[in-house]
Amino acid sequence: MTHRWLDSPTHHAWLTQEALRLLAFARSARLPEGFGNLDYEGRLPRGASAETLNTARMTHSFALAHLHGIPGCKDLVEHGVAALQGPLHDAQHAGWYARPGGRGEDAKTAYLHAFVALAASSAVVAGVDEARALLRDAIEVIDRRFWSEEEGALREAFSRDWHTCEAYRGANSNMHGVEAFLALADVTGDTRWLERSLRIVQRLILAQAAADGYRVTEHFNAHWQALPEYNHDQRADGFRPYGTTPGHAFEWARLLLHLEAALQRAGLGAPGELLVAARGLFDSACRHAWQVDGAPGLVYTLDWHNRPVVRERLHWVHAEACASAAALLQRTGEAQYERWYRGFWDFIAEHLIDHAGGSWHHELDPDNCPSARIWGGKPDLYHALQAVLAPRLPLAPSFACALVM
C-alpha cells in the first residue's frame, strides 16, 4: 500500500472539516463557572453546572484550536483558565474540586489534576498570560501531593484537605499523567517530566503489561499489587471498569511513541522496548477487541480470558485507536497500520459521526445503535478533536507545541 491517507491533501481537508464541526458543537458548553456537559442535542440541560474535568479538557481543546488557526477560540481558553483559577480551585487547601466550590464531592484525584496541568500547559502555549500562574499551581500540587518518588508513579486520590490518601493505585490516572508530563516537559524545558513519564511506563507497561501479553492491568492496591476483581459488581464504570480496557491499550501505545520521540528530541536515551511495547499493545487490543462479538467496532472491556464484558462501543476508544494507528504508521511506515487507520475511520464515519445532530455519538450499543448505558449526551470534545489533529502532527513535541513549530 503505497498511497497513505496521512499524506493525502484530501484526507487532511476532511480532518480539518471534522475538527471545525466538532468545535462548532462544543462552543455551547460554556457556563459562567467553566464548561458543562452538553446533552445529545448539544444543549446544556436545565440546571447544568460546570465540571472541572470538562473545563480542563475544553480549555486544552480550544487552545489547540486557537493554535491551529481557528478564530474565536482564544476567548474560550481564557474563560477556562479563569474558571480553573476561580470557582473550581480550592483556595483553602490548594488543588481543584471536581465541581465549583466542591459541591457534592470530597476527593481530589490525580486523573483530574493531570488534566488541569495539561490545560494550563496548552493555554500557556496559546499565549494566555494568566495561564502561567495556573501552570505553576498545577505543578506544585503534582509535585507536593501526587507524585511519589518512591513508587515512581502517581498516587491516586486524597481527601479534600489532603490528610487521607486512597489505598488504591490506578493505571488510568497514571496514563493521563504521562500525557500531561510530556506537555509539561515541552512547556517548561524540564526533563524530569520525561524521566517521570518513563518511570510510570516502566512500571505499568514495560514490566506489568509486557509480562501479560500486553494486556493493561488497570487496578492496584497501595503496594502496587494487582486487583483483578476490582469493580466486579460495577463492570460498566466509566473510569474504573472491571477487567481490561482495550481503549487504554491504544492510548498507551500512542503515548509510548510520543515518549520515545520526546526522549530522543531531548537528547536522552529512549529504550528500544518502547516501540516493541507500542506494537504489542496495539496488536493485543485489535486482536481481542475488534469485532470480537461478531459486529463491527471495538468493545469497551474484556475479562481475563479476553472475552467481552461490556460490549458497548465508545467513541473515545475508536478515537484513540485511530490516533494510535496513525502514530505507529508514522513511526514504522508499515502497511498494516495504514489498513487499521483507514478501517477505524471508516467505522467512525459510518457509525459514530452524527451528521444530523452534530458531534459524535458518544456510545453505541452492541448493534451499533446510539445508547447511553455508560455515557449520556455528548460532553466530550477532547478525544475526537485529538483524533483529527494527531495524524497531521509529529510524534514530538506534544500537540500544543507541535502546532506552533
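Student: Is Asp354 buried or exposed?

Tutor: Asp354 is buried, at 8% relative accessible area. Buried is under 20% relative accessible area, exposed is over 50%, and partly exposed is in between, using a 1.4 Å probe and protein chains only. This is a predicted model, in which local features need pLDDT of at least 70 and side-chain atom pairs count only at pLDDT 80 or more, while totals for chains, interfaces and linings use all residues. Residues are numbered from 1 along each chain as its sequence is written, and side-chain values use heavy atoms, leaving out hydrogens and water.

Student: Which side chain meets Asp354 in a salt bridge?

Tutor: Lys378, with 2.6 Å from N to O. A salt bridge here is a side-chain nitrogen of Lys or Arg within 4 Å of a carboxyl oxygen of Asp or Glu. The two residues come from distant parts of the chain, 24 residues apart: Asp354 is in the loop between helix 11 and strand 10, and Lys378 is in the loop between strand 10 and helix 12. Helices (H or I, at least four residues) and strands (E, at least two) are DSSP runs numbered from the N terminus. Lys378 is also buried, at 2%.

Student: How many salt bridges are there by that rule?

Tutor: The count is 26. One of them pairs Glu33 with Arg103, whose closest N and O atoms are 3.7 Å apart. Glu33 is in the loop between strand 1 and strand 2, and Arg103 is in the loop between helix 3 and strand 3 (107-109), so the pair ties together parts 70 residues apart in sequence. Both ends are partly exposed: Glu33 has a relative accessible area of 31% and Arg103 one of 46%.

Student: And what does Arg331 bridge to?

Tutor: Glu260, at 2.7 Å between the closest N and O atoms. Arg331 belongs to helix 10 (residues 315-332) and Glu260 to helix 8, so this pair ties together parts 71 residues apart in sequence. Arg331 is partly exposed at 34%, whereas Glu260 counts as buried at 5%.

Student: What does the Glu179 side chain have a polar contact with?

Tutor: His176, at 3.0 Å between side chains. A polar contact is a pair of N or O atoms within 3.5 Å; within protein, one must be able to donate a hydrogen and the other to accept it, and residues adjacent in sequence count only if both atoms are side-chain atoms. Leaving aside neighbours within four places in sequence, the contacts of Glu179 (heavy atoms within 4.5 Å) are Phe115, Leu118, Arg254, Leu255, Tyr382 and Gln386.

Student: Switching to cysteines. How many disulfides?

Tutor: Zero, by the rule used, which asks for a pair of cysteine sulfur atoms within 2.5 Å. The closest cysteine sulfur to that of Cys73 is in Cys401, 18 Å away and too far for a bond. Cys73 is buried at 0%, while Cys165 is partly exposed at 31%.

Student: Which residues of helix 3 are buried?

Tutor: Leu76, Val77, His79, Gly80, Val81, Ala83 and Leu84. They pack against strand 1 (30-31), strand 2 (34-35), helix 2 (52-67), helix 4 (110-125) and helix 5 (131-146).

Student: Last topic, backbone. Where is the cis peptide bond?

Tutor: Between Ala396 and Pro397, with omega about 0 degrees. Pro397 is in the loop between helix 12 (382-389) and helix 13 (399-402).

Student: What about phi at Ser359?

Tutor: Positive, about 55 degrees, although Ser359 is not a glycine. Ser359 is in the loop between helix 11 (335-352) and strand 10 (363-364), and is buried at 4%. Asn368, also not a glycine, has a positive phi of about 65 degrees. Asn368 lies in the loop between strand 10 and helix 12 and is buried at 10%.
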